[in-house]
Amino acid sequence: MNKRYVDIVLNTCLMAGKIMIQSGSEMYRVEDTINHIAKNAGLKDPVVFFNTNWIIRGC
């Protein structure tokens, strides 16, 4: 898996999370959705942590 692909997947996850948070979704739903996107894209063991002010991403 190349770095460009991973960056695209992570940016997609962050965009989905941002849209969900701005729409008023609960944090556990946002975290679950991001984990599903990352796992289905082939990333192994994604780590997602939320705060009301920011999102930390990691693989």
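Predicted model: local features only at pLDDT ≥ 70, side-chain atom pairs only at ≥ 80, totals over all residues.
Residues are numbered from 1 along each chain as its sequence is written, and side-chain values use heavy atoms, with hydrogens and water left out.

**The overall layout**

The protein chain has 2 helices and 2 strands, and along the sequence they follow the pattern α-α-β-β. These elements are DSSP runs numbered from the N terminus: helices are H or I with at least four residues, and strands are E with at least two. Of the 59 residues in the protein chain, 25% are buried. The chain exposes about 4400 Å², and carbon and sulfur atoms supply 55% of that area; accessible areas come from the Shrake-Rupley method with a 1.4 Å probe, and for residues only the protein chains shown count as cover.

What about contacts, meaning heavy atoms within 4.5 Å? Take those in the protein chain between residues at least 6 apart in sequence: 37% of them join residues at least 24 apart.

Asn35 is found in helix H2. Setting aside neighbours within four places in sequence, Asn35 is in contact with Pro46 and Val48. How far does H2 reach? Helix H2 (residues 27–40) has 14 residues, which should span 20 Å at 1.5 Å a residue, and its end C-alpha atoms are 20 Å apart, so the two values agree. The expected span is 1.5 Å times one less than the number of residues.

Asn40 has a relative accessible area of 69%. Asn40 and Val9 are 31 residues apart in sequence, while their C-alpha atoms are 9.9 Å apart in space.

**After the helix**

Just after H2, Gly42 takes a positive phi of about 105°. Further on comes Asp45, in the loop between H2 and strand S1 (47–50). Asp45 has a positive phi of about 50° although it is not a glycine. Is Asp45 buried or exposed? Asp45 is exposed, with a relative accessible area of 64%.

**The core**

A nonpolar core is a set of buried Ala, Val, Leu, Ile, Met, Phe, Trp, Tyr and Cys residues joined through side-chain atoms within 4.5 Å. The largest one here has 10 residues: Val6, Val9, Leu10, Cys13, Met20, Val30, Ile34, Ala38, Leu43 and Val48. H1 and H2 each supply at least two residues of this core, and the largest share, 5 residues, comes from H1.

Cys13 touches Ile34, Ile37 and Ala38, not counting residues up to four places away in sequence. Ala16 sits in helix H1 and counts as buried at 18% relative accessibility. Ala16 and Thr33 are 17 residues apart in sequence and 8.1 Å apart in space, C-alpha to C-alpha.

**Charged pairs**

Side chains of opposite charge can pair when their charged atoms come close. A salt bridge is a side-chain nitrogen of Lys or Arg within 4 Å of a carboxyl oxygen of Asp or Glu. How many salt bridges are there by this rule? The count comes to 2, and here they are:

| Salt bridge | N to O distance |
|---|---|
| Lys3 and Asp7 | 2.8 Å |
| Arg29 and Glu26 | 2.8 Å |

Lys3 and Asp7 both lie in helix H1 (residues 3–22), 4 residues apart, about one turn of the helix. Lys3 counts as exposed at 59% relative accessibility, whereas Asp7 is partly exposed at 27%. In the other pair, Arg29 is partly exposed with a relative accessible area of 44%, and Glu26 is partly exposed with 42%.

Definitions and conventions. Buried < 20%, exposed > 50% of the residue type's maximum accessible area, 1.4 Å probe, protein only. Contact = heavy atoms within 4.5 Å.
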